[in-house]
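Biologist: Hi! Could you walk me through this model?
Modeller: Happy to, here it is.

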Amino acid sequence: MDYMRGKVMTTRRWMKRGIGLAVLAAAGATLARSRGRASIVGLVFSSSSGLVMSLSRDLCEVVMVAGLIGGAALISHRRYELATACWVLACLAHEQALLL
């Protein structure tokens with residue numbers, strides 16, 4: 001039973017990482033398109049060395065950066081309520097998001 005529990009926990013951990021990176025890449029691409037750049041430029045956010053390191057250590061910075069970039073992308077589309085929700089999520093994930 002312990003083996004299966006460990007396998008489920010590992011799967012959940014990788015799902016959390018994948019969802020965080022997918023949201024970050026989508027928000028970065030949307031932000032880049034709204035600024036007149038190619039969508040591929042938005043992938044720079046998800047491939048930074050700091051995020052790769054936090055992924056390897058299973059830290060919360062990926063969720064924080066995804067919330068911050070997502071909020072900025074939603075502000076450019078004038079969706080203020082959802083941007084506020086993204087920024088609150090970023091602050092709940094990591095308190096240093098309050099500084100930005």
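Modeller: Below we go through the fold, a core, a helix and a pocket.
Modeller: This is a predicted model, where local features need pLDDT of at least 70 and side-chain atom pairs count only at pLDDT 80 or more, while totals for chains, interfaces and linings use all residues. Residues are numbered from 1 along each chain as its sequence is written, and side-chain values use heavy atoms, with hydrogens and water left out.

Biologist: Which residues make up the largest nonpolar core?
Modeller: Nine residues: Leu24, Ala27, Leu31, Leu51, Leu55, Val62, Ala66, Ile69 and Ala73. Such a core is a set of buried Ala, Val, Leu, Ile, Met, Phe, Trp, Tyr and Cys residues joined through side-chain atoms within 4.5 Å.

Biologist: Which element gives the largest share of this core?
Modeller: Helix 4, with four residues.

Biologist: What does Leu24 contact, leaving aside neighbours within four places in sequence?
Modeller: Leu24 is in contact with Phe45, Ser46, Leu51, Val65, Ala66 and Ile69, where contact means heavy atoms within 4.5 Å.

Biologist: Switching to helix 3, which residues are buried?
Modeller: Leu51, Ser54 and Leu55 are the buried ones in helix 3. They sit on the same side of helix 3 because they cover an arc of only 105 degrees around the axis, using directions from the helix axis to the C-beta atoms. Ser49, Met53 and Ser56 are exposed on the other side.

Biologist: What volume does the largest pocket have?
Modeller: About 230 Å³. On a 1 Å grid over the protein atoms alone, a pocket is an open set of points where a 1.4 Å probe fits, with protein on both sides within 12 Å along at least five of seven lines; lining residues have an atom within 4 Å of a point. Points are joined across faces, edges and corners, and the volume is the space filled by probe spheres set on them.

Note on methods: Buried < 20%, exposed > 50% of the residue type's maximum accessible area, 1.4 Å probe, protein only. Helix = DSSP H or I, 4+ residues; strand = E, 2+ residues; numbered from the N terminus.
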